[in-house]
Amino acid sequence: MNKSAGSSHREVDVVEMIPALRSFARRFYPNTSDADDLVQDTLLRALANIDKFQVGTSLKSWLFTIMRNTFCTRYGRSKREFVGIEECAALHRAVNAPQEWAVRVQEFHRALAALPEHYRDAFETVLMHGESYEAAAGRYDCPVGTIKSRVNRARVAILKSLGEDGAGGTMGIH
């Protein structure tokens, strides 16, 4: 048997191992497309080096070793490079000017002051002073559910006043 005939027989054996390679690749990547990319890279490396396969040894083990090494190489490389726009954008994120925050704080205080007193008191007690709903209910002599409702309605009203999208469909406050 000549070398090319033995080599082509091994190439057929490699192709028959694709289902096992896909299954093994899923241990490295839960994402199907990433696993398929790993299988493809493994097959390319295996077929390029098919002449280095030692007859009499396990083809499956040889392919799995190539896959593991390919994954380790990819993993090491991925730790050294940024991929995608998100990572680049995160490095150059703009910082808001302090004047803008000062204006937003003033807008917040105006929105808070515009609330009816019982909503403002509940909001300040729970969210600004950090008291529990139960403690606030005891302070204002009302059920806990009433405090929760007041805080939520105050939050939505403030968000709407600030031009933010609050919880849609919430009742207005009176």
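**Residues, helices and packing**

Mentor: V15 has a relative accessibility of 48%, so V15 counts as partly exposed. On that scale, buried is under 20% relative accessible area, exposed is over 50%, and partly exposed is in between, with a 1.4 Å probe and protein chains only.

Trainee: Before we go on, what sort of model is this?

Mentor: A predicted one, where local features need pLDDT of at least 70 and side-chain atom pairs count only at pLDDT 80 or more, while totals for chains, interfaces and linings use all residues. Residues are numbered from 1 along each chain as its sequence is written, and side-chain values use heavy atoms, with hydrogens and water left out.

Trainee: Fine. Where does V15 lie?

Mentor: In helix α1, which covers residues 3–16. V15 is 32 residues from L47 in sequence, yet their C-alpha atoms are 9.5 Å apart in space.

Trainee: And overall, how many helices and strands?

Mentor: There are 9 helices and 0 strands. Helices are DSSP runs of H or I with at least four residues, strands are runs of E with at least two, and both are numbered from the N terminus.

Trainee: How much of the protein is buried?

Mentor: Of its 174 residues, 25% count as buried.

Trainee: Give me a residue in α7. Is T125 buried or exposed?

Mentor: T125 is buried, at 4% relative accessible area. T125 sits in α7, residues 117–128. Leaving out residues up to four places away in sequence, T125 touches G130, E131, A136, R139 and Y140. Contact here means heavy atoms within 4.5 Å.

Trainee: Which other residues of α7 are buried?

Mentor: Besides T125, they are Y119, A122, F123 and V126. Their cover includes α6, α8 and α9. After α7 comes G130, with a positive phi near 75°.

Trainee: How do α7 and α9 cross?

Mentor: At roughly 100°, with axes that come within 8 Å. That makes α7 roughly perpendicular to α9. The class covers 65 to 115 degrees; under 35 is roughly parallel, over 145 roughly antiparallel, and the rest oblique. Axes are lines fitted to C-alpha atoms, for helices over the stretch in contact, and angles run from 0 to 180 degrees between N-to-C directions.

Trainee: What classes of residue make up that contact?

Mentor: The contact of α7 with α9 has 9 nonpolar, 1 polar and 3 charged residues. Nonpolar means Ala, Val, Leu, Ile, Met, Phe, Trp, Tyr, Cys and Pro; charged means Asp, Glu, Lys and Arg; the others, Gly among them, are polar.

Trainee: Now α8. At what angle does it pack on α9?

Mentor: Helix α8 (residues 133–140) and helix α9 (residues 144–161) pack at about 105°, axes 8 Å apart. They are therefore roughly perpendicular to each other. Y133, E134, A136, A137 and Y140 of α8 meet V144, I147, K148, V151 and R155 of α9. That contact has 7 nonpolar, no polar and 3 charged residues.

Trainee: Last one: which residues of α9 are buried?

Mentor: I147, V151, A154, V156 and I158. They pack against α6 (98–113), α7 and α8. Just after α9, G163 has a positive phi of about 80°.
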